[in-house]
Structure formats: C-alpha cells, structure tokens
Amino acid sequence: MKQSLTFIPTMREIPSDAEIRSHQLLLRAGFIRQTTSGVYSYLPLGKMVLKKIEAIIREEMDAINGVEVLMPALQQAELWQESGRWQSYGPELFRMKDRHNRDFALGATHEEVIVSLVRDELKSYKQLPLTMYQIQTKFRDEQRPRFGLLRGREFIMKDAYSFHATEESLNETYEHMYQAYTNIFTRLGLNFRSVIADAGAIGGSGTHEFMALSDIGEDTIAYSDETSFAANIEMAEVRNEYVKSDDPLKEMEKVATPDQRTIEDVVSFLGVEAERCIKTLVFNIDGELVMVLARGDHEINDIKLKNALDADTVEFAYEGDVYELLSCEVGSVGPVKLPIGVRVIADHAVASIVNGVAGANEDGYHFINTNPERDFGVDDYMDLRIIQEGDLTPDGEGTVKFAKGIEVGHIFKLGTTYSEPMSGKFLDNNGRSQPYQMGCYGIGVSRIMAAVAEEFNDENGLKWPKKLAPFDIHLVPINMNNEDQKELADNLYKLLKSYKFDVLYDDRTERAGVKFTDSDLIGLPMRITIGKKAAEGIVEVKFRESGETTEWHVEEITEKLQEFFVEK
Ligand code: 9G3
C-alpha cells in the first residue's frame, strides 16, 4: 500500500480528552476517529488490525466446531418481552420505534435472537450440541463512555451461543471454549488471567472472565503469586483460616463512647486495633432486616451476601428502620442483647475475635470484652468479606495479590435461563420435551485492539506484535526526489510484495523527520529506510520492538525478512 494513496491522518498533538495511552496513540497514529461520545470510525490501519484479531478468533472458534452466523442488530421488543429483559434493562438498552410505531432494541447482546432462531429449527436431541458465533456490532448506551475503544457505546463483539441436550454436553463445550479463549489471548500476545467471575445479572451458574492485566483496567482481580488461582475480586473466596487467641475471656463492660460511630473512631477513642472490633451492618435483604457482622478491618462483599442468601435484593437498611428496630443510630448498633427474631450472620473471621468491641445498641455506648457465643449468638458464619492483599489464597498456596484488568472475554454457563422463558425446547432421547441447556461466550474485539495498544507502546508510539500489525514492513525512502532512492524503493516494494510481505510504502514527499515520527507512531514491526547508501544497495533496518537498527544489503533482504517474520 502506498501511503500517498491511503488515509492515515497522523497527529502531532495529544488530544486533550484522551486520558490513556492507547486512546491517545490510536487517535494520533490515525487508526480511529471519534464521531460522537463512545462511537468510533476505524480508519484503514485500525480496520486492518481488527481483521487480524478477528482472523485469530475465527480460527479458534472454527477449531472447536463453532459455526459462524450473522444476526441482526434490529431486535423487536417482543423478543425481549418474552425473556423479561425489556422490562428489566434500563437506559443502557438503546430503544427505538419503527415507522409503524413498533418498539425495537438495538442489539446489546443476542440471547433472545438466537433462541428465537433455534427454537423453530432444533427440535430433537439428535441435532444437538450446536455452537454458533458471530462477530458483530453491539450497542449499549453506557452512562460514561471513556478510554476510547475500551468502553464504547457501539463496539464489536464476538458472541457465541451453544445449545445442548444435557449439562454434561454444556460442560464439555464450556471447557473447549475456555481452552479456545486461552489460545486466542495467548496468540494475541496479551498478558491475561482467566478469573472466576460472578454470574451477576445474567444468571446461570459458572462463569469465567478473561482479564488483560493493565493499570488502567476497571476490574480488580485477586491472584496468587504462586499458583494459577485468580478470581474477580467480587467472587474471590476467602480461606477460613483464622487464629483464635487463647487469651482468657474478660468480663464484658459497657463504656461511654460519645459521638464515636465508625470503626476508626472507636479504634482511636478506645485504643484498640480494628481486628478486635466487630463491624455491625444492618442490611435490608428481600425486605427483611438482617444484621451482618465482620471483623473491623474487613469489608462485607454484598455480592457474596446476595449469593450466600440467594437473595434478589441486598441493600443497606434505612437509618430510620434501624432506629425503629434497635432504638439507636447505625453507629451504635451491635449484636449483643438484640430483640428476638433478628437474624444475625457473620463472616468467618468474627468467630475468632476474643474480647472484642461492639456497638451497645445505645447511642454513645459500646461494649468491650465482647465474645461471640458467650455474649451474642450468630445464626450462620459464612464467607462474606472482600478478599484483601496478603490474605491466604483459597487453595492455601501462596498469598493474594491484586491487579487491575481489562475484561476482554467472558464465558457463561446459562443453563435454561433463556430457553425456559422462551420455550426453546427439544425432544430428548426418551421423547420428553426439555429446554435446551445453553452457554454463551463473549470476546470484546474492538476492546482487544485498545488493550493490545495499551500493552504494546513506548514514548514514540505504538509497537504492534507481528501477528496484529496492520502491515509487516514500513518502507521509507528519505528523499523521493532522489533517483537512486526512489528506484531502489520501487524495486524493493515490488520484490517484497512478490514475497507476500505486507508493505506500507511511505512514498510521500515529506521531510525525513516527519516520516520517521509518523513511522514510530504507527508502530509496524520493522522499518526499512532507504538513504544515502541506496546506490550501493544498502538499506537501514530498524526493529520497532527493540529499537535496534542495522544495515542489510538488498541481496540478503528477502532471506533475512523470512527469518524475522517466520513465526508471524
Ligand atoms: C443489555 C445491555 C447490556 C448488557 C446486557 C444486556 C451485559 C447483557 C451480559 C452479556 C452476557 C453475554 C452473550 C455474549 C457474552 C456476554 N450487558 N450483558 O446481557 F440489554 Cl443494555 O452480554 N452475552
């Protein structure tokens, strides 16, 4: 491709509204342009990278018998009413009306569409299992689009859906998808971790996220520094191993703690450490006020609380409700001397507190030397807290570290979450009608381009891995008005193309400095510069990854290039 004939609008200045490196560089190097908040055009170089990412995904999907389809973005509301999501989704779902005033959604995901497609065709277990995937534009009206392609309102996703007669079959496909995702992210060169994740709103059981490690990632993952353990911080299990001191239990005492409400207040006022405090929170769980206890230095994880109690809604109780129940403010609540019938659950760590401090259920007072079982009852001890750095990992091998990650993939076991309400059924081998077991599997294709750009760049610009670079080689003559240089460049261009190398030929009559700055910005794996030694058939070669430069003679160039691009 000759640069004078394509469209690569590079920019010198750093766009002010681009906060992160990948967003700045993809704009400056002419890969993308924003049309409006969260909506982008992919320019020629950006489109070429997308194609290479998609090619890797297609190879791995096809290798596990995924068949590619393409579903519509225009989805009639009736489908989302069948699944119940027309009502349950809020402003994030783009909705519109057609000319007959009928309601539509712009496709945020395709569970409803694919079940409506399959239920009319797949009627027998003999036709299962079946996995279909698409690479398609999705629309989600994010409240705060940011970081360029990382969180857009229109983005490209590979989404796959699998249909099964049995759970065993679903589990088998899930494992194949897990491995295919591992292959994909490895081939993309991303530093990623697969993490146990929370099924969240989508339901179903069993789900993994694939996180590209990055300081600007929005998710926090807990991982082991010694094993492959990794979990989304919301789901990470905490190992129940607490040492209970064998100090003698002292007499419980009520002490005045005027205006001391938070754990920090009490810690400084009474001179006790947070580990000795009993943090008492009152939640409204599906309409019932429940008292939840944690050790003073821990945080309650409301997703664990919700999952542990299989609740629909979990929120903090209103202060007024707490006052009505316990006749004190939330800052003075505690588990001792409760009205009958108040359910008390606690994180495992609370069981090992000896002579602890707790609210006295009286404004301005706390109890000291409070001991579980002797002074207060707990209905259930559970794993309810957010994991912390330094904790033991659930497998007990090593300690927990935190890392920020960009979610680039997410796979789910859906079970019958969609096939049940939408009558997606088949006749099993006993002739009985059953809803399909389903799985769904997403990869953020446009998000990957940003994640790769975020991982591979330096102060001069992008540094594309060979497998993803829009071109292999940047061919840059210093001076297109110099006959020797132009002739050698034209000949090399033809030669390299005949050897099937993808070459971007900077045939512009710009100054050398401009050409080099643009070349470093764009970040192809190799630049071949044609300069003063053109007449001797000698060119300068620069490797973008290492910055190293060397000289090659044109006679040896194809052999050396084949060596360099061998594993591309
Ligand atoms: C919506 C909107 C936003 C959404 C969803 C629906 C996330 C929604 C979860 C999924 C699950 C899987 C198939 C591919 C892999 C992910 N945000 N999710 O369902 F209407 Cl506005 O998309 N879907």
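Trainee: Where is Phe-147 found?

Mentor: Phe-147 sits in the loop between S7 and S8. Helices (H or I, at least four residues) and strands (E, at least two) are DSSP runs, numbered from the N terminus. This is a predicted model, in which local features need pLDDT of at least 70 and side-chain atom pairs count only at pLDDT 80 or more, while totals for chains, interfaces and linings use all residues. Residues are numbered from 1 along each chain as its sequence is written, and side-chain values use heavy atoms, with hydrogens and water left out.

Trainee: Is Phe-147 buried or exposed?

Mentor: Buried means under 20% relative accessible area, exposed over 50%, and partly exposed in between, counting protein chains only. Phe-147 has 10% relative accessibility, so it counts as buried. Its phi is near 60°, a positive value in a residue other than glycine.

Trainee: Which value does the phi of Ser-423 take?

Mentor: The phi of Ser-423 is near 50°, again positive in a residue other than glycine. Ser-423 belongs to the loop between strand S21 (400–415) and strand S22 (425–427), and at 42% relative accessibility it counts as partly exposed.

Trainee: Which peptide bond is cis?

Mentor: Look at the bond from Leu-128 to Pro-129, where omega is near 0°. Pro-129 is in the loop between helix H5 (111–118) and S7.

Trainee: Which residues are linked in a network of salt bridges?

Mentor: Arg-12, Asp-506, Arg-508 and Asp-518 are linked in this way. Arg-508 meets Asp-506 at 2.8 Å, N to O, and both residues are buried. Arg-508 also bridges to Asp-518, with the closest N and O atoms 3.1 Å apart. Asp-518 lies in helix H12 and Arg-508 in the loop between strand S28 (503–505) and H12, so the pair ties together parts that are 10 residues apart in sequence. Asp-518 is buried, with 1% relative accessibility, and Arg-508 is buried at 18%.

Trainee: How many residues of helix H1 are buried?

Mentor: In H1 (residues 21–28), 7 of its 8 residues are buried, among them Ser-22, His-23 and Arg-28. Contact means heavy atoms within 4.5 Å. The buried residues of H1 pack against several elements, including strand S1 (32–36), helix H10 (445–455) and helix H12 (512–522). Just after H1, Gly-30 takes a positive phi of about 75°.

Trainee: Which residues does Glu-237 touch?

Mentor: Leaving out residues up to four places away in sequence, Glu-237 touches Lys-304, Asp-383, Ile-387 and Pro-394. Glu-237 lies in the loop between strand S12 (230–232) and strand S13 (253–256) and is exposed, at 54% relative accessibility.

Terms used
Buried < 20%, exposed > 50% of the residue type's maximum accessible area, 1.4 Å probe, protein only. Salt bridge = Lys/Arg side-chain N within 4 Å of Asp/Glu carboxyl O.
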